[in-house]
Structures are given as structure tokens and as C-alpha cells.
Amino acid sequence: MAALNQEALPYPAAKKRTRTGLLLDIRKNKLLYVMLLPVLLYYVVFHYAPMYGAIIAFKDFSPRLGIWGSEWVGFAHFETFFSGAYFWRTIKNTILISLNELVFGFPAPIILALLLNEVRNSIFKRTVQTVTYMPYFISLVVICGIIKDFTASSGVINDIIAFFGGERLTLLLEPEWFRTIYVSSGIWQHIGWGTIIYLAALTGIDQEQYEAAKMDGAGRWKQMLNVTLPGLMPTIIILLILELGRMMNVGFEKIILLYNPSTFDTADVVSSYVYRVGLQEFNYSFSSAVGLFNSAVNFTLLLGSNWISRKLNSTSLW
């Protein structure tokens with residue numbers, strides 16, 4: 001009735017009632033809003049305020065003239081990127097690396113969580129969880145140093161290859177090996193941490209469903225297919241939508257720490273190209289245009305995947 005009465009009110013009156021309700025809620029929960037304030041300030045200062053600087057993507061920015069004093073060039077930088085020699089290479093590499101991470105990296109923590117869920121020895125289970133979590137807390141610089149040592153011609157991986165009669169290679173100098181190394185090392189680094197969400201979701205599955213499945217004669221495998229996976233599906237879909245929304249955001253930090261001129265053909269992605277052009281060549285306007293285009297594509301993918309998911313199974317972010 002309250003909702004109907006509010007809808008029946010004229011717009012100014014309804015707006016006033018909403019504002020009054022918000023003020024009353026703030027007075028009632030002062031401490032909660034105080035706790036929320038640092039988070040809001042963080043997003044305003046570091047996420048929303050910097051959006052003002054995106055305007056330099058449409059200008060020939062000069063630090064001497066400032067943002068408003070620089071010449072307006074419209075979509076010139078976007079046209080330069082779209083017609084440039086690096087457009088298709090960076091887009092192709094970004095999509096291929098993202099697809100490999102989606103196909104091989106996304107299911108990895110789900111599989112590990114399902115396997116751990118079937119383990120009944122708690123000591124073994126905790127040990128596996130601890131060992132798989134550890135790489136996530138290691139600095140990315142250290143991780144990349146380990147990768148370089150392991151893939152060097154005298155590294156552990158080449159020792160194994162040589163043991164089976166293969167030829168020693170410095171794998172990070174071979175363009176065809178870069179994506180494999182990048183994706184597989186990412187799985188090793190994040191698989192344990194990624195299982196936390198799925199293991200938490202598994203605890204929310206009603207145990208009576210397992211009991212009913214047992215009474216129907218279902219074994220462990222069928223219980224996993226018919227009870228566990230459907231119980232995990234909402235979580236999987238939400239995380240998949242978020243993953244699709246990040247497809248064009250291949251982390252440039254790891255890329256620039258691992259790639260070199262000999263692997264640019266398969267390793268150079270949009271974010272590393274933005275870093276190279278913007279910070280190394282000081283072409284701020286052009287790199288901002290490329291970054292803005294990349295963000296627009298990510299935003300479109302997020303909206304599209306969320307819309308498709310909502311239409312197909314009524315599970316979505318909003």
C-alpha cells in the first residue's frame with residue numbers, strides 16, 4: 001500500500017518523501033554511513049574524478065597549454081589508431097589471450113573447487129588449499145622473475161624437455177610460446193584464490209538435496225552433475241559476466257614484464273600498446289583515445305553478456 005500511495009503522489013511530493021526517508025535513514029544509521037564514506041571517497045577521487053581527463057582523447061594535448069587550452073581535434077586520434085599498423089595486431093592478441101584465459105583459466109578454479117568438495121580428509125584438503133593459495137600472494141614482479149628463470153634455456157622446463165630428447169630453447173623469445181606461458185602461469189597464480197568463491201557457494205547448497213539424490217541411487221558423480229553444478233550455476237554465471245566485461249583488459253603489467261621485441265607479434269595487447277605510446281613516447285592524447293576505445297568495448301561486452309544472461313536464465317548483475 002505504501003508503494004501504491006507513493007506512486008499516486010505527485011512527483012515533487014514523492015521526491016520529497018524519498019529525500020526525507022533517506023535523511024531519517026542516515027540519522028538512524030550514522031555509524032554505517034561513516035564507515036561507507038572512505039569507500040565513496042576512494043571511488044570519487046580515484047575512479048570518477050579522473051574521468052574528466054578523458055577529454056584529452058579528443059584534443060592535441062600539451063602539458064604547457066593544459067586540457068582546456070589544447071587544440072580540439074575530435075576523432076582524429078581514433079581514426080589514426082583504427083587505420084594504423086598496430087590496430088589489428090593488438091586487437092587480435094588481446095582477444096586471443098582473453099579467449100584462452102576464458103576457455104582454460106575460467107573453469108580451472110571451478111574444477112578445483114569441485115574436486116576439493118569431494119575430499120573427505122580435512123588435513124589433505126587444507127594443505128591443498130594453502131599450497132594453491134600461496135602464488136596469489138607473491139608479487140607479480142617475483143612471479144615474472146620465476147617464469148623467466150623456469151623458461152630460460154637452462155631452466156627447469158628445458159631440463160625436462162632435454163631429458164626427453166628435445167631441444168633447449170629460451171621459451172620467452174619464441175613468439176608461439178608466449179600465450180601458452182602467459183595463460184598457464186596465470187592459472188597457476190590464481191586458481192587457488194579463485195576457488196574461495198566457489199567453495200563458499202558450495203556451503204550454501206541444501207544438504208537435503210544430496211540426501212534425496214542418494215535415496216534415488218545417485219552416486220558421487222551424478223550428485224555432482226545434478227546437485228552441485230546446478231547449485232553453483234548462479235555464481236558461475238555472475239563471474240562469467242564479469243569476466244566477459246574484462247576481456248579487453250589483459251593486464252599490461254605482466255605483459256610488459258614478460259614480452260620483448262621478438263614476441264611483439266603475439267604478445268603486444270591494447271593495454272601494453274597504450275603504456276608504450278603514452279608513457280614511453282609521451283603521446284598522451286593518442287594513448288587516451290586508445291584506452292577510451294578499449295573501455296567502451298569492455299562496457300559494451302559487459303552490457304551485452306548481462307542482457308543475454310538475463311534473457312536466457314534470469315540470472316544477471318542487475
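**Entry 1: around helix H16**

I began just after helix H16, where Phe282 takes a positive phi of about 60°. Helices here are DSSP runs of H or I with at least four residues, while strands are E runs of at least two, and both are numbered from the N terminus. I noted that this is a predicted model, so local features need pLDDT of at least 70 and side-chain atom pairs count only at pLDDT 80 or more, while totals for chains, interfaces and linings use all residues. Residues are numbered from 1 along each chain as its sequence is written, and side-chain values use heavy atoms, with hydrogens and water left out.

Next I asked which residues of H16 are buried. Helix H16 covers residues 270-280, and its buried residues are Val270, Ser271, Ser272, Tyr273, Arg276, Val277 and Gly278. Buried means under 20% relative accessible area, exposed means over 50%, and partly exposed is in between (1.4 Å probe, protein chains only).

What do these buried residues pack against? I found helix H5 (76-82), helix H6 (87-105), helix H14 (252-258), helix H15 (264-267) and helix H17 (284-313).

I then looked at Tyr284, which sits in helix H17. Tyr284 is partly exposed, because its relative accessible area is 30%. Leaving aside neighbours within four places in sequence, Tyr284 is in contact (heavy atoms within 4.5 Å) with Ile56, Phe61, Pro63 and Gly278.

Ser285 is also placed in helix H17. Is Ser285 buried or exposed? I found it buried, with a relative accessible area of 3%. Not counting residues up to four places away in sequence, Ser285 touches Ile56, Ala57, Lys59, Asp60, Phe61 and His77.

**Entry 2: salt bridges**

How many salt bridges does the structure hold? I can report six. A salt bridge is a side-chain nitrogen of Lys or Arg within 4 Å of a carboxyl oxygen of Asp or Glu. I reminded myself that side chains of opposite charge can pair when their charged atoms come close.

One of them joins Glu118 and Arg220, at 2.7 Å from N to O. Glu118 lies in helix H7 (residues 107-118) and Arg220 in helix H13 (residues 220-244), so this pair ties together parts that are 102 residues apart in sequence. Glu118 counts as partly exposed at 24% relative accessibility, and Arg220 counts as partly exposed at 43%.

I also looked up Glu243 and Arg246, whose side chains meet in a salt bridge of 3.0 Å, N to O. Glu243 is partly exposed with a relative accessible area of 24%, and Arg246 is partly exposed at 44%.

Then I came back to helix H16 through Arg276. Asp268 forms a salt bridge with Arg276, with the closest N and O atoms 2.7 Å apart. Asp268 counts as buried at 0% relative accessibility, and Arg276 counts as buried at 11%. Salt bridges that share partners join Arg89, Asp265, Asp268 and Arg276 into one network.

**Entry 3: Leu40**

Last, I checked Leu40, which is in helix H3 (residues 30-48). Leu40 is partly exposed, because its relative accessible area is 47%.
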